[in-house]
Amino acid sequence: MSTEASPWREYFGGREKQSEAAQLGMWIFLGSEVLLFANLFVGYALYRYYFPEVFIAASKHLKAEGALVQTLLLVTSSLFVVLAVHFIRQGKQFSAAGVLLVAILLGVGFLVIKGWEYWEHWKEGALPGEYYRLEDLPVRGGSLFFTLYFLLTGLHALHMLVALGVLGWLVLGAMSGKYTADYHVPVEVGGLYWHLVDIFWLFIFPLLYLVE
């Protein structure tokens with residue numbers, strides 16, 4: 001029976017249905033996020049078709065080594081999120097909170113590297129629009145590349161910030177005993193969001209830094 005303190009709600013008609021509703025809601029939300037990034041990927045492909053040589057030259061101004069470290073940090077953090085789901089399903093709340101904290105630290109490391117990279121672009125004069133002053137590349141194609149670069153990586157960084165907030169909220173819930181082996185749906189759907197952010201980066205990394 002549902003009580004005020006219980007996370008289970010009677011109007012769902014059962015715990016299994018409530019869990020399925022939460023999962024379905026998250027998948028619908030993730031689908032809308034995929035459409036958002038898909039539009040940017042298509043835009044990148046179109047402009048790369050019109051300015052292939054400029055885009056290849058512009059990509060060499062990016063810090064591929066730093067991006068590789070970012071990729072490793074993000075993939076590793078996703079493994080810790082998987083561990084968090086594993087632990088909470090076993091009712092190990094503090095273990096789940098611990099690995100989520102590690103995932104948060106790795107995510108913060110990712111954003112620190114991104115901030116340093118943005119600083120380097122600012123010094124180089126790669127900001128888009130009227131601020132663009134990178135003499136190695138034509139203004140039109142070069143500015144377009146870095147406009148798409150900042151859109152893709154900036155939007156991804158914004159999603160990272162939201163995802164870090166979600167993980168922090170899950171840590172507080174796990175430490176307070178809110179999530180148990182019986183009720184851990186928020187950890188699972190929060191983990192899905194983190195994995196989506198991870199997957200977006202796995203497309204962005206080769207698209208901007210590696211493809212020639």
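A nonpolar surface patch is made of residues that have over 30% relative accessible area and no salt bridge, with nonpolar side chains such as Val and Leu joined within 5 Å. In this predicted model, such a patch, of about 250 Å², is made by Val 75, Leu 79 and Leu 202. Val 75 belongs to helix α3, which covers residues 64-89, and is partly exposed, with a relative accessible area of 34%. Because this value of 34% is over the 30% that the definition of a patch requires, Val 75 passes the cut-off for accessible area.

The largest nonpolar core has 58 residues, among which Phe 145, Phe 146 and Leu 208 touch the most other members. At least two residues of this core are supplied by each of the helices α1 (15-50), α2 (52-59), α3, α4 (93-124), α5 (139-175) and α6 (185-210), and the largest share, 14 residues, comes from α6. When neighbours within four places in sequence are left aside, Phe 145 is in contact with Tyr 44, Phe 55, Ala 58, Ser 59, Leu 62 and Leu 208.

An unreviewed UniProt entry lists residues 24-47, 67-88, 94-113, 148-172 and 192-211 under "transmembrane region". Within the model, the span of residues 94-113 is 100% helix and 0% strand, and its end C-alpha atoms lie 29 Å apart. For residues 148-172, the span is likewise 100% helix and 0% strand, while the end C-alpha atoms are separated by 36 Å.

Key. Residues are numbered from 1 along each chain as its sequence is written. This is a predicted model: local features need pLDDT of at least 70, side-chain atom pairs count only at pLDDT 80 or more; totals for chains, interfaces and linings use all residues. Side-chain values use heavy atoms; hydrogens and water are left out. UniProt positions are given in the numbering used here, feature names are shortened, and annotations may be inferred rather than shown by experiment. Helices (H or I, at least four residues) and strands (E, at least two) are DSSP runs, numbered from the N terminus. Patches are made of residues with over 30% relative accessible area and no salt bridge: like charges are joined within 9 Å, nonpolar side chains (Val, Leu, Ile, Met, Phe, Trp, Tyr) within 5 Å. Accessible areas come from the Shrake-Rupley method with a 1.4 Å probe; for residues, only the protein chains shown count as cover. A salt bridge is a side-chain nitrogen of Lys or Arg within 4 Å of a carboxyl oxygen of Asp or Glu. Buried means under 20% relative accessible area, exposed over 50%, partly exposed in between (1.4 Å probe, protein chains only). A nonpolar core is a set of buried Ala, Val, Leu, Ile, Met, Phe, Trp, Tyr and Cys residues joined through side-chain atoms within 4.5 Å. Contact means heavy atoms within 4.5 Å.
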